[in-house]
Amino acid sequence: MTLPALVIVGRPNVGKSTLFNRMVGRRQAIVRPEPGVTRDRHFGRGEWEGRTFLAVDTGGIAAPEDDPFSPLIARQTASAIEEADVVITMVDGAEGLLPQDAQIADMVRAAGKPVLLAVNKIDVKGAGDTLWDFARLGLGDPLPISAEHATGVAELLQAALARAPGEEAEPPQEGEIRVAVVGRPNVGKSSLINRLLGDERTLVSPLPGTTRDPIDSLLRRGDKVYRFIDTAGIRRRGKIGDRKVEAVSMILAYRSIERAEVVLLIVDATEGVRSMDAQIAHHIVDSGRACVVLLNKWDLVEKDSKTFDEAVRALREKLVHIDFAPVLSASALTGQRCERVFEAFETASASHRRRVPTRALNLALAEWTKAHPPPAGSKGRRPKILYATQASVAPPRIVLFASGMPHETYGRYIENQIREKFGFEGTPVRIVFRRKVGKPARGRGARAGRGGGRRGGGGRR
């Protein structure tokens, strides 16, 4: 799928991060009353009425004398606008129209992208009186919202997605495995693909950021076809350079993950895991993609008999989101162990598409719940797991019907057992609990809920 990118821009402290958190459905961006808290871009995957989108929260643009980081923030914001499908320009209805709003509006209009004008804090007394003052910005009719209380956010999302291009489904060819190769700049993504292809198919350079756009390369091995999606290097946002050509597109990289079935996350073994690697891992899980982790440049690491195990342990501690992913070590430069990634791709792809027969699943479930029943709830009642079924694949989604809602830790226990019994290495597994609805008691129906968790995974030398 090609995700539409909705980019939020505006001056500091107008509520951009609050709106972003509403759009992605979790508290991902830091929200504080003082201006200038968001200096980098935040990326998150959101869903609205069956449509998936990528939300981008930018740093507030202030006058240089107000914030020494302003020039950098302005450059990042301009880059985000260029990558956007729809720009949401946010203003503060409580403060009214300010000169900085007009400057930002000029930047947005110059980009020529579809734009919506969101007037935030409309719940504040007197804010409604300033609503139509913002029409002078020339960005269309102002849309009143309160990001804090979710007022008008549904209408804003509906309008934004109506202006965004539709998702483009790319059904894989039979026998084809789509692999997105992602990682920070200069970790060896293009070098690895060239090594696997046996051809200088993609540009390789020691300078970070050489790859600008996703490039597909096809390789046939036996009855399998691998489509490698080489993504633009993901750079720490605070280090994006002055020139446009040096601005690495996070949006393109995230879209590449959405196009793939298996994601190969490359980590520089000489540097270890960085915070950007964890952010990528988070998006891989959000997207429900299978994953393999490769410690590249292994030839440059001083090793003993415990080096690999220690490296995997350190990686697991920092990449908890993808603890199901196998870990390999290799050297794209020398070719050492590179061939082993194909076996990992096939294992992860098979796990991603695996369906467990209902009978086998329930026979195993009966054994697990007998050996380790769900813990009693706050009222002293122990939920009973009645039966389970696999609702979907890619990723596997297991639905368990119960008389009550077990604690989410029990979902992790069930997932661990499922992985051990049926083998789901390399793919996330969604565990969902549903309350079994019986006959209504005294005219009141039972409530439904759900929970789940992730656990498991091991490394490979």
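Mean pLDDT across the chain of this predicted model is 81. Residues that reach 70 or more make up 77% of the chain. Over residues 28-40, pLDDT stays under 50.

A hairpin is formed by strands E2 and E3. Strand E2 covers residues 42-48, and strand E3 covers residues 51-57. The two strands run antiparallel and are joined by seven bridges. Within this pairing, Arg45 has Leu54 of E3 as its bridge partner. Two residues lie between the strands. In this hairpin, Glu49 adopts a positive phi, near 50 degrees. Strand E2 is mostly covered, with five of its seven residues buried.

Helix H5 spans residues 189-197. Seven of its nine residues are buried, so the helix is largely enclosed by the rest of the structure. Leucines are found among the buried positions: Leu192, Leu196 and Leu197. Ile193 is buried as well. The buried set also includes Lys189, Ser190 and Asn194. Gly198 follows H5. The phi of Gly198 is positive, near 70 degrees.

Notes. Residues are numbered from 1 along each chain as its sequence is written. This is a predicted model: local features need pLDDT of at least 70, side-chain atom pairs count only at pLDDT 80 or more; totals for chains, interfaces and linings use all residues. Side-chain values use heavy atoms; hydrogens and water are left out. Buried means under 20% relative accessible area, exposed over 50%, partly exposed in between (1.4 Å probe, protein chains only). Helices (H or I, at least four residues) and strands (E, at least two) are DSSP runs, numbered from the N terminus. pLDDT is the predictor's confidence in each residue, from 0 to 100. Contact means heavy atoms within 4.5 Å. Two strands pair if DSSP finds at least two bridges between them.
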